[in-house]
Every structure is written in structure tokens, then in C-alpha cells.
Amino acid sequence: GWKQVGRQSRSSSNVVLKLSAFICCSPRSLIDVIMSNNEPETKKLRSCEADLKVVLGGGASEDDVRWYNSAILASKSCYIDTMLATPMKESQERQVTFPEITPELWDNMLKFVQDPKAARKMTMADALAVLPMYDKYQFNEGKELCEDVMEEYFKETIEKEKKIPPDVDAMVEGTALAFEANLSRALLAGSNYIRMRLCQKSVPYGRTMFTEEHMRRLVPLLLHLNEGHRMMAVHQRFPYAPDEIQKPDFPQRHVRECTEWIANHTLHGFIDHIELSDTHGKPDGTYTKVSPHCSDYVRDDGEMNWGGIEVNIVIKKTEDGWAIVRETIPTFDEDGDEEEGSRVTSVCWLHPSSKNLPLPPMEGWRAIDKACYERHTPKIEYKLRKYGEMMGI
């Protein structure tokens, strides 16, 4: 007698354990789990009540319908739990409808919160697919799982970027979703990467890597990150102010400016230096670009005397167009900082129709300074780099 009771006790315990993991059931009020008569009694599961009908997508066929134990499914979703706990149509009819969720997506959503093995194998693509519905229908356990996967993905992307090109689509969509779902850890990791790249003018990993669609998707996040108290050092700030980000043409303008910068920078990379001539004075000579990220060309021979004052001659782009200017030599204070007002710039020659040109025009200069009226009109000649010496972007 005691042996029989022991067998029944172990069998009942096993049934309870299997019921807790047995969520999805076929559309019958009682589901018989049929076992072979030769199997041990401890493996037999008698029944599971499927009292909740879930209709997915259009609900046009049996493939769009799932049956579940309401208590177990409600434990996964606060949204479903609330609907079934209140006097609503769903609780009375014991039916819940999700028209925007396909059967395939729903099955994946349940798989990741039900099966620990599947959860461990969740990829970034899986997280991006299920997170919006996890967030909307309050599958909190699923949201936490997505956050773990996304945070790890963001950190690995930053660490391995130089060896493995990043998936920009995944980085942008993941960070945007993390912001919308309020996943703080994933948002911090993803937004750090987005901010770092938008603050850099470099190729291939810089602000040029983002498309119009990327920037459109990031607008709410950029406004959030652009708040003054969230910004760090000046050099880390976004190149756009909040009012610019909110403009409808912001995504297009961003891409256009990036495209122009790449084109201009590439063009400058072909030029080794420029030769200024025909000024009939000391400004004539060789001019070299100040740096890869600056369009100014400075005289190689350094300072020169102009009217008894030591000055630098610079060919630079101004608000009025390309100009040949002279700058007085600045003075510095004890801390090594340039003293305010010590650098005075005067335009010698200006090309009035060159505002949109990436390089200083070769001819057509007009004298602005009186001291240049009697001099001849300057001419510029480009000297190209040798093959294999092009400046990298």
C-alpha cells in the first residue's frame, strides 16, 4: 500500500512540473497527453485546460489561432493579465486578438520566454523583431532578455569595429528601440556609439555612415541626447542644434552635407600644394594645406613683412567666398593662450563668385585692399600628388 502511494505521489509531482512548462495547447478544453502503456507511470500527463483563445493576424484560418492556459499566459504578459482580470470583452469571451502580430512572430515571442535554450540562442535580429511587441504588450521578461542581447551586441560592435564592419542598420534600429522601450542599459551602450560617430568627420566610421532613413529614425533620440545636461566636452557635441534636428529636411540636409564634405575632402586629397603667382610681390610662392580637415592653405615660406608688419599670408574660404588674406602674428599670454584681438585679418584679394567652390579659383581675383590695387591679378595653379601619395580621408 505504501509503495503504491509513493508511486502516485511521484507521478502527481511530475504532472505539476510538466504542466508549468506546457503552455501552448490544441483547441480542446481538455488535452490528453497520450503515452505508451509500457512507459513508467511517472511520465504520464493526464490533462491541461486550454481556456484562452488567441487570434493572430487576420484570424482567417486555424493557423492564426492558438489555445493557451490563461493563468500561464497571463504570467508572461501584464497586458493579458490585466485584460483577463477586468470585466472586459476579452475576459468574458476568453479570447484575445493581436491583429498586428503574425503567427510566426508570436511563436517566436513565446519561444524565447518559455524555452531557456531558445533564450540563450537569441540573436540581435531576433531581439529587434520581438522587442516592439514585447514592449507594447508588456512581456517584461522578454524585454529584459532583449536588453541583455542588445547591450552585449552594442559593446561587441564598438570593441570589434576595426576588424568587423558594423551593421549600421542594426545599431540604429536597436538604439532607437531601446530608447522607445526605455531599456536603460542597452540605450546607454547604443547611444554612446551613435553620439561618438556623429561627432566625427571620418570615413568609413563617422557621421557619413548614416543614411537619410537612419537620421529620420534617430530624430527623437538625438533631441533627447542633445539636451545640455547630457552633453560632455565641446568636441563631443552634435554638429546640429535642437531646432535644426526638428526641421523636416534635417535627414536630407545631413546626408547632403556629408556627401559634399566627402567629395571636397577627396578632391583636396589629390592636391599636394598650390602655387600663387603674378602678385608681383612677396605673397607669390608655394602654399600647403594646413591639415586634412581644414581647407586653408598657408605660405610655406612662413611670415613676411607687409608695410612694416610681420604677417602670414593665407588662402582661405570666407563667408564672401575664397580670399587671399594677411593675418598679423598673434601674441600669447603666460598660459600659452592666444590673446584676444591680437590676430587681425585683412582681405587682400577676393573671388566674389566662389562661395560654392571646394577649391580656390585659378583666375578672376579682385583686389580688396588698397595696397593691392597696383599689383597684378593673382593666379593659382594646382600641383597634384604623385600616384600612391593621395591623402587618406
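Reader: Which residues lie nearest the centre of the largest pocket?

Author: Rolling a probe the size of a water molecule over the atoms shows where empty space is left. In this predicted model, the largest pocket is lined by 20 residues. Lys 201, Glu 257, Glu 260, Trp 261 and Asn 264 lie nearest its centre. The volume of this pocket is about 460 Å³.

Reader: Which element gives the most to the lining of the largest pocket?

Author: Helix 13, with seven residues. Two elements, helix 13 (250–269) and strand 7 (294–299), each give two or more residues to that lining. By class, the lining has eight nonpolar, six polar and six charged residues.

Reader: How is a pair of aromatic rings described?

Author: By the distance of the centres and the angle of the planes. The whole structure holds eight aromatic pairs. One of them joins Tyr 79 and Phe 98, with 6.3 Å from centre to centre and 50° between the planes, and is tilted. Tyr 79 belongs to helix 3 (residues 78–85) and Phe 98 to strand 4 (residues 95–98); the two residues are 19 residues apart, and their pair links distant parts of the chain.

Reader: At what angle do the axes of helix 10 and helix 11 cross?

Author: At roughly 100°, and the axes come within 12 Å. Angles of 65 to 115 degrees count as roughly perpendicular, so helix 10 and helix 11 are roughly perpendicular to each other.

Reader: Which residues meet there?

Author: From helix 10, Leu 187, Ser 191, Ile 194, Arg 195 and Leu 198; from helix 11, Met 215, Leu 218, Leu 221, Leu 222 and Leu 225. This contact has eight nonpolar residues, one polar and one charged.

Notes
Residues are numbered from 1 along each chain as its sequence is written. This is a predicted model: local features need pLDDT of at least 70, side-chain atom pairs count only at pLDDT 80 or more; totals for chains, interfaces and linings use all residues. Side-chain values use heavy atoms; hydrogens and water are left out. Axes are lines fitted to C-alpha atoms, for helices over the stretch in contact, and angles run from 0 to 180 degrees between N-to-C directions. Helices (H or I, at least four residues) and strands (E, at least two) are DSSP runs, numbered from the N terminus. Angles under 35 degrees count as roughly parallel, over 145 as roughly antiparallel, 65 to 115 as roughly perpendicular and the rest as oblique. Contact means heavy atoms within 4.5 Å. Ala, Val, Leu, Ile, Met, Phe, Trp, Tyr, Cys and Pro count as nonpolar, Asp, Glu, Lys and Arg as charged, and the others, Gly among them, as polar. On a 1 Å grid over the protein atoms alone, a cavity is a set of points where a 1.4 Å probe fits but cannot get out, and a pocket is an open set with protein on both sides within 12 Å along at least five of seven lines; lining residues have an atom within 4 Å of a point. Grid points are joined across faces, edges and corners, and a volume is the space filled by probe spheres set on the points. Rings of Phe, Tyr and Trp (its six-membered ring) pair if their centres lie within 6.5 Å; planes under 30 degrees apart count as stacked, over 60 as edge-to-face and the rest as tilted.
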